[in-house]
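Please have the sequence and the model side by side while reading, and follow each part of the chain as it is named.

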Amino acid sequence: MSDRRDFLRSTLLALGGATLAGCDRISESESGPRLLESAEAINRRVQRFLSPSKALAREYAESDISAVFKPNGTLMPDTPLYQGLMKGGFADYRLEVDGLVEKPTHFSIDELRTLGMRTQITRHDCVEGWSAIGKWTGTPLAALLDHVKPGAGARYVVFHCFDDMEQDTPYYESVDLDEARHPQTLLAYGLNGGALPVANGAPLRLRVERQLGYKQAKYIRRIEVVASFAEVGDGNGGYWEDNGYEWYAGI
Ligand SMILES: Nc1nc2c(c(=O)[nH]1)N[C@H]1C(S)=C(S)[C@@H](COP(=O)(O)O)O[C@H]1N2
Ligand SMILES: [Mo]
């Protein structure tokens with residue numbers, strides 16, 4: 001089964017890679033995202049067929065960890081807000097959690113640590129065609145949700161990031177509540193036994209291990225629980241989704 005998955009994945013990634021300039025820039029070609037969309041629509045059907053919704057992503061051994069976890073996309077947000085927090089070693093960072101929750105709350109990284117902790121070694125697959133294996137440590141998103149208690153009508157969890165992709169257009173991403181409560185879905189503050197590097201999303205980034213790289217929101221500033229993402233960005237659930245990528249990016 002896993003050989004078959006690997007084969008399908010590499011075929012689909014090759015298809016996507018051939019039609020798209022990359023995911024750290026808007027594609028130069030107008031047709032790129034649309035062609036990719038059809039490849040990813042197939043990918044999603046394949047994923048649903050191969051793995052049930054509770055399936056775990058494969059976890060690896062320490063010896064499999066990549067020497068360098070290639071950073072991609074934004075490598076350091078240049079906004080004054082982020083730069084100020086970074087200069088203070090993120091001591092003043094607070095994750096805001098709001099939207100359709102009973103208890104909107106702010107969390108420091110130390111407060112997140114008290115909610116629960118998980119470490120996992122997984123493989124990150126970027127739509128550009130490269131992969132890296134890393135050891136992530138963080139707070140299960142399920143534990144945070146248990147604390148803030150999503151209210152009536154809650155359906156999606158939206159991640160608002162510090163980095164502007166275009167003028168006044170910050171990176172954002174979203175997952176549904178099932179994916180948010182999956183045991184391997186983490187708010188990660190550690191990579192390979194150390195603090196999460198700035199290039200990889202410090203102080204806090206998402207890990208949703210059954211989906212592609214662009215779902216793994218870095219530099220999370222705020223988490224919002226919503227009923228629909230019609231009101232967020234251009235309404236497709238993420239920055240890259242607003243530029244033609246599939247919202248469900250199953251590997
Ligand atoms: N905030 C933010 N998150 C982001 C990106 C970004 O540019 N900004 N790039 C995405 C893409 S396309 C990938 S492949 C991964 C890269 O994560 P890494 O830098 O740890 O390799 O982050 C994703 N999350
Ligand atoms: Mo990516």
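This is a predicted model: local features need pLDDT of at least 70, side-chain atom pairs count only at pLDDT 80 or more; totals for chains, interfaces and linings use all residues.

Residues are numbered from 1 along each chain as its sequence is written, chains are lettered from A and ligands numbered from 1 in the order in which they are written, and side-chain values use heavy atoms, with hydrogens and water left out.

Ligand 1 sits in the largest cavity. A cavity here is a set of points, on a 1 Å grid over the protein atoms alone, where a 1.4 Å probe fits but cannot get out, and a molecule sits in it if more than half of its atoms lie within 2 Å of its grid points. There are 22 residues around ligand 1, and K70, N72, D163, N200 and K218 come nearest; a residue is near a molecule if one of its heavy atoms lies within 4 Å of it. By class, this shell divides into eleven nonpolar, seven polar and four charged residues, where Ala, Val, Leu, Ile, Met, Phe, Trp, Tyr, Cys and Pro count as nonpolar, Asp, Glu, Lys and Arg as charged, and the others, Gly among them, as polar.

Which atoms of N72 and K218 lie close to an oxygen atom of ligand 1? For N72 it is a backbone N or O atom, 2.8 Å from an oxygen atom of ligand 1, while for K218 it is an N or O atom in the side chain, at 2.6 Å from an oxygen atom of the ligand. Q216 contributes a backbone N or O atom that lies 2.9 Å from a nitrogen atom of ligand 1. The protein covers 100% of the 530 Å² of accessible area that ligand 1 has on its own, with areas taken from the Shrake-Rupley method with a 1.4 Å probe.

Y219 is found in the loop between β9 and β10 (220-226); helices (H or I, at least four residues) and strands (E, at least two) are DSSP runs, numbered from the N terminus. Y219 counts as buried because its relative accessible area is 0%, given that buried means under 20%, exposed over 50% and partly exposed in between, with a 1.4 Å probe and protein chains only. Although Y219 is not a glycine, its phi is positive, at about 50 degrees. Most residues other than glycine have a negative phi, and most peptide bonds are trans.

R210 is found in the loop between β9 and β10 as well, and it counts as buried because its relative accessibility is 10%. A polar atom of the R210 side chain lies 3.0 Å from the backbone oxygen of A55.

Another positive phi, of about 65 degrees, belongs to F90, which is not a glycine. F90 is found in the loop between α3 (80-87) and β1 and is buried, because its relative accessibility is 14%. The C-alpha atoms of L100 and G151 are 5.3 Å apart in space, although the two residues are 51 apart in sequence.

Helix α5 (residues 141-148) is mostly covered, with six of its eight residues buried, namely L141, A142, A143, L144, L145 and V148. The helix is followed by K149, whose phi is positive, near 55 degrees.

M165 is found in strand β5 (residues 156-166) and is partly exposed, because its relative accessible area is 25%. M165 and T74 are 91 residues apart along the chain, and their C-alpha atoms are separated by 8.1 Å.

Terms used. A polar contact is a pair of N or O atoms within 3.5 Å; within protein, one must be able to donate a hydrogen and the other to accept it, and residues adjacent in sequence count only if both atoms are side-chain atoms. On a 1 Å grid over the protein atoms alone, a cavity is a set of points where a 1.4 Å probe fits but cannot get out, and a pocket is an open set with protein on both sides within 12 Å along at least five of seven lines; lining residues have an atom within 4 Å of a point.
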